[in-house]
Amino acid sequence: MLTQTTTRVLEPSDLDAALAVLDREPVANAFVTSRVQVAGLDPWRLGGEMWGWYEDGMLTSLCYAGANLVPICATPRAVRAFADRARRAGRRCSSIVGPSEATSQLWRLLEPNWGPAREVRPHQPLMVADRLPADIAPDPYVRRIRKDEMETIMPACVAMFTEEVGVSPLAGDGGLLYQARVAELVGSGRSFARVDRDGRVVFKAEIGAATTQACQIQGVWVAPEYRGQGYAAPGMAAVLRYALADVAPLVSLYVNDYNTAARATYRRTGFQEIGAFMSVLF
């Protein structure tokens, strides 16, 4: 039994305790919870380590350390402990992302060693919806992308990622990991799009993280030539309908605060702000 404050790498036997922490904030923790529910806590399957912070023998905070560094229900003392561990290990992640308060503290502690970042997005509103909008009809042409349509959806996914993150997902390994992730979403029926008569994607979005309690919409994108023509809100309503019917009772997303057009669209489709995330991109 651990009787003092300490941090350690969790093991598969710690799964129930880790899930209990994750369940405290099902919307904010949807990304990590979805991975843990599928892969458990084995680092190889999880794609990273799960660090635990204990106080008086109780697991109270977590930090996922994989391609992203994600503080979870992290108290200030836990954040300091996670920063110490991350500093000793060296930067292996491509981003730090999570609830804004804990992520901001974590970055302040790590920046002297890990900085400078390529970009810091300090305030990304976290929004949630639990019902369809009353005044926006879902776009009937938004549908699930089939497995044989990877060549159709992939260019739109690459364009969205590059526009949003600022670097191409095809860099480094030629896009193998990114293509595998897109294929996973398509194969699980969580990739949606409206495709025009010429086979070009007009609107697209995915349901990324998914648990029984909450899911997260990601990768929302309208082709540049179709922007301003009223495709975004009906498209979002369509994806929201699929998410509520097939995935979870709460549907979330987070958005850059400077993207006023997207925020307005999400509000129109019934999403309400409940908190904020922060992202540090390397």
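In strand E12, phenylalanine 277 is the bridge partner of glutamine 124. This pair sits in a predicted model.

Now step back to the whole sheet. It is open and has 12 strands, with mixed pairing. Read across, the order is E1-E2-E3-E4-E5-E12-E6-E11-E10-E9-E8-E7. Strand E1 (6–9) and strand E7 (143–144) stand at the edges. Each has a single partner strand, so one side of each is left without a neighbour in the sheet.

Look next at strand E4 (68–72). How many of its residues are buried? Five of its five residues are, so to speak, under cover: E4 is mostly covered. Both of its faces are covered. On one side, Asn68, Val70 and Ile72 are buried. On the other, Leu69 and Pro71 are buried.

E4 also has partners. With strand E3 (residues 58–65) it pairs in the antiparallel sense, over four bridges. E3 and E4 form a hairpin, with two residues between them. Here alanine 65 stands opposite leucine 69 of E4. E4 is joined to E5 as well, by two bridges, and those strands run parallel. In that pairing, asparagine 68 stands opposite serine 95 of E5.

Helices lie across the sheet. Helix H5 (residues 100–114) lies across E4, strand E5 (95–99), E6 and E12. H5 runs at about 155° to E5. Helix H9 (residues 260–268) lies across E6, strand E10 (215–222), strand E11 (251–254) and E12. H9 runs at about 15° to E6.

Helices also pack against each other. Two packed helices are described by the angle between their axes and the distance between the axes. Take H4 and H5. Their axes come within 9 Å and cross at roughly 30°. That makes H4 roughly parallel to H5, because angles under 35 degrees count as roughly parallel. The crossing is right-handed. From H4, the residues Pro76, Val79, Arg80, Phe82, Ala83, Ala86 and Arg87 take part. They meet Ala102, Gln105, Leu106, Leu109, Leu110, Asn113 and Trp114 in H5. By class, this contact has 10 nonpolar, two polar and two charged residues.

Alanine 83 lies in helix H4 (residues 76–89). Is alanine 83 buried or exposed? Its relative accessible area is 0%, so alanine 83 is buried. Leaving aside residues up to four places away in sequence, alanine 83 touches Leu106, Leu109 and Leu110. Arginine 24 is 59 residues from alanine 83 along the chain, and their C-alpha atoms are separated by 22 Å.

Finish with another helix pair. Helix H1 (residues 15–22) and helix H2 (residues 30–39) pack at an angle of about 155°, and their axes are 10 Å apart. H1 and H2 are therefore roughly antiparallel to each other. H1 passes H2 in a left-handed crossing. H1 brings Leu15, Leu19 and Leu22 to the contact, and H2 brings Val32, Thr33, Val36 and Gln37. By class, the contact has five nonpolar, two polar and no charged residues.

Terms used
Residues numbered from 1 in each chain as written. Predicted model: local features only at pLDDT ≥ 70, side-chain atom pairs only at ≥ 80, totals over all residues. Heavy atoms only, no water. Pairing = 2+ DSSP bridges. Contact = heavy atoms within 4.5 Å. Axes fitted to C-alpha atoms, helices over the stretch in contact; angles between N-to-C directions. Parallel < 35°, antiparallel > 145°, perpendicular 65-115°, else oblique. Left-handed = near helix turned anticlockwise from the far one by under 90°. Nonpolar A, V, L, I, M, F, W, Y, C, P; charged D, E, K, R; others polar. Buried < 20%, exposed > 50% of the residue type's maximum accessible area, 1.4 Å probe, protein only.
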